[in-house]
Amino acid sequence: MRVAIITPDQRNLAVGIVESHLRTCRGFERADVISPDRAESFCHKQPPELVIVLLADTHPELTLGLVRRLRELIAGQLLIAGPATDPKFILRAIQAGADLFLDRDELETELDAALAALRSRRAPAHRTGQLVAVLSAAGGCGASTVAVNLAALLAKEYRHCNLIDLNPGKADLAPLLDLKPQYTLADLCRNDVRLDRSMYEKLLARHSSGIDLLAAPRDFDQIGSVTPQGVAHAVAVARDSYTDVVADLEDCFHEEQFIVLEQATRILLVCRLDFLAIRNTRRILDFLTSRGIPADRVEIVVNHHGLPNELPLAEAEEAVGGKLTVFIPHDPATVGAASNMGQPMACTEPNSPVVQSIARIVGLESPTPPRVPTRVRVSNWFRNSVVPRLRSLVRRLKPAIPTPRSSAAPEELNEIHEPVNAPTVRAAGVRALSA
């Protein structure tokens, strides 16, 4: 939310109080401090969503005319802060167009209440809260990248999103956002008995995109402080404080990880079309089903789609036991540049095919969806449809030729050193997963 502070004296102590409170409240950008003579021009060019007018100590009546003119220029909230000693003047300020009058002597308390009320009024009433758990099937699938950009897209659309790093072994989310958090999940778990909404918000690191990050512990020796009780408490407070919560998980079987999976409204299982990732995808699906997680809550996301020599789509679907419909294209240049800059692709490359694909996961369709080049579409069709059929035809037509054996070597050694066609073994292994 864009904020403007209008004051005749930028050295006023009240300016520092307001700026400090805005920094600790989610959803509010850094405020622009403007003098009264520039206020109308500023609001006309870039109307802010919140204006806070600080009254001068001398001749505060002159401010009322400015308030009337600003009321005609902005549709957002307009607050006045000044001495609450004259009830008639306060009434005239409200009549001039102010939404609220704040007592300057109680500015910290009254500003907290005003900002909280403003946030609650802005919360979309038609949307139900969601907890999206992002889980990787194997190393290198890019689950953290998906989680960061998913949170950035939700924050861009709905003004804020809570992102929780529950992968302490990697702790990648803070570097991906170029943040250096003062507090982490370990600090929360050590103080989870005292945890409430206000304390939870103070533990978060805020990104300019609107992401509020609960970071993973920085050091390996702090990972032991992360407890299932602390994680459960954190998720409960997060869901009470935010409409959209995204959690990047480390695995599916540790207790503090499974707590999130049980409460998640959606589980995004990120994989690639290779043997190990598809194998682990099937294992994770079977495990979640055995632990009572409904199958319709889990969505398989194929990341890095279009890599050379990836498994045919038909064989992957046979292995996981269902259709694969969510694909994120392989684009190492865009992904690598965003990671090195510490900025989500959703902020730097919003029209890239990768970001468009992630946006569609949460129903944020772009008005100009990217067009897949004909060469790529033909290549994917040939690789996924034609090549598997040709291989199957060749296997059926090829005569069985017995392998000659040397009489000097024992039969066991011949079997051990006999060459093996690795791709055929892998393909057969994938098909066997669905048996």
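Which residue in strand 3 is the bridge partner of Val 3? Select Val 3 and look across to Leu 50, its bridge partner in strand 3.

Before going on, note that this is a predicted model, where local features need pLDDT of at least 70, side-chain atom pairs count only at pLDDT 80 or more, and totals for chains, interfaces and linings use all residues. Residues are numbered from 1 along each chain as its sequence is written, and side-chain values use heavy atoms, leaving out hydrogens and water.

**The sheet.** Now select strand 1 (residues 3–6) and strand 3 (residues 50–54), which pair in the parallel sense over 4 bridges. Strands (E, at least two residues) and helices (H or I, at least four) are DSSP runs numbered from the N terminus; two strands pair if DSSP finds at least two bridges between them. Widen the view to the open sheet: 5 strands in the order 2-1-3-4-5, with parallel pairing. Strand 2 (32–34) and strand 5 (100–103) stand at the edges with a single partner strand each, so one side of each lacks a neighbour in the sheet.

**A helix on the sheet.** Next, pick helix 2 (residues 36–45), which packs on the sheet and touches strand 1, strand 2 and strand 3. Contact here means heavy atoms within 4.5 Å.

**A helix pair.** Finally, select Val 146, Asn 149, Leu 150 and Leu 153 in helix 6, which meet Val 355, Ile 358 and Ala 359 in helix 16. The residues of this contact divide into 6 nonpolar, 1 polar and no charged (Ala, Val, Leu, Ile, Met, Phe, Trp, Tyr, Cys and Pro count as nonpolar, Asp, Glu, Lys and Arg as charged, and the others, Gly among them, as polar).

Conventions: Axes fitted to C-alpha atoms, helices over the stretch in contact; angles between N-to-C directions.
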